[in-house]
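Please examine the sequence and the structure shown here before reading the report.

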Amino acid sequence: MEQNLSRSLPPLFPQSPFQGLPCGTASRDFLSRLQNFPELKNDTFLRAAWGEETDYTPVWCMRQAGRYLPEFRETRAAQDFFSTCRSPEACCELTLQPLRRFPLDAAIIFSDILVVPQALGMEVTMVPGKGPSFPEPLREERDLERLRDPAAAASELGYVFQAITLTRQRLAGRVPLIGFAGAPWTLMTYMVEGGSSSTMAQAKRWLYQRPQASHKLLGILTDVLVPYLIGQVAAGAQALQLFESHAGHLGTELFSKFALPYIRDVAKRVKAGLQKAGLAPVPMIIFAKDGHFALEELAQAGYEVVGLDWTVAPKKARERVGKAVTLQGNLDPCALYASEEEIGRLVQQMLDDFGPQRYIANLGHGLYPDMDPERVGAFVDAVHKHSRLLRQN
């Protein structure tokens, strides 16, 4: 146990862990708190991520801090979305809310993937009923000149680091804390489309008509993401998830050319950066929604965990990726509209299909705003109950 815990907790640093990293908030008090995080009491999620044996299947939910919780809606009512993201206190509170309701095995920091385009100097607003909106999206190659230098952009994200440190402290070692970011292709789609899109036609137009500019933009994003993710670990994140939410808009060829190389580069450079900074390694998760066509490649991309959406059959996924990585997922989020009895049946089937080890239970995507918190609790409880029974057999 001691070996597992020491791997997941940051060491005492002879010098600032932020030296060379994008955080201008590293005061003595901040570093003092960083070096004295509470001892981790439940490391089941981390052990599963590292591929070690666990007594039961750990479970957490994407978007577990969300509008389905009345306390979340109450907290969020006081300010706009991105103002909330910039408030470490608010992000901490929102992150902890689901942990007060459910016996989850991990927390994920409340933030948004679009803080990265904001840090690059792009205006982003959250429009009620519509979602994210970029008043001035990237339309031509010359628009890339408007973006901040990646190093300067990364330095704009100190508020995320502060939120992570505060949350890690207030978790009091209950469960590990996950940091995250959007993958380069997914971020590019928003920056070019100007918001959400059902076709990604404008972003894909770039790939076909402006391949060099596309690679330049994807490289810029990678150069921001690497120090951003390293900074999250330095601030207290104990695992990292990269969201390639729009993988499904790319076919095999485009994914191999414009998404996968940058996914690999992020993992490689983050791991090297952690080592250089004297930080303990953390497990990394890649979640490429609708990227079932690239499972084998994702399993070899440098991540300890591969997340699956609900369109992938667990047994077939395991056959395709082998036993070298942990799998995460993948209950259809809409299954939580079912009765508690049916949720229990579906969870039991999912656990049977994934097997008892090298597995982290989750949904195949995030929780929806109209879901009943009681059903979320039923899902979490069913995972714990049935996984323990599975290990006894």
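The report below covers confidence, the sheet and the cysteines.

## Basis and confidence

This is a predicted model, in which local features need pLDDT of at least 70 and side-chain atom pairs count only at pLDDT 80 or more, while totals for chains, interfaces and linings use all residues. Residues are numbered from 1 along each chain as its sequence is written, and side-chain values use heavy atoms, with hydrogens and water left out.

The average pLDDT (the predictor's confidence in each residue, from 0 to 100) is 91 for the chain, and 91% of the residues score at least 70. Over residues 1–32, pLDDT stays under 50. For this stretch the model has 60 contacts (heavy atoms within 4.5 Å) beyond four places in sequence. Where pLDDT is low, the predicted coordinates should not be read in detail.

An open sheet is formed by seven strands in the order 1-4-5-6-7-8-9, with parallel pairing. At its edges lie strand 1 (107–108) and strand 9 (359–363), each pairing on one side only. Strands are DSSP runs (E, at least two residues), numbered from the N terminus, and two of them pair if DSSP finds at least two bridges between them.

Five bridges join strand 4 (residues 177–182) to strand 5 (residues 239–244) in the parallel sense. Alanine 181 has leucine 242, in strand 5, as its bridge partner.

## The cysteines

The structure contains zero disulfides, a disulfide being a pair of cysteine sulfur atoms within 2.5 Å. The sulfur of cysteine 61 has its closest cysteine sulfur in cysteine 334, 14 Å away, which is too far for a bond.

Cysteine 61 counts as buried (under 20% relative accessible area, with exposed over 50% and partly exposed in between; 1.4 Å probe, protein chains only), because its relative accessibility is 1%. Cysteine 334 is partly exposed, at a relative accessible area of 35%.

Conventions
Helix = DSSP H or I, 4+ residues; strand = E, 2+ residues; numbered from the N terminus.
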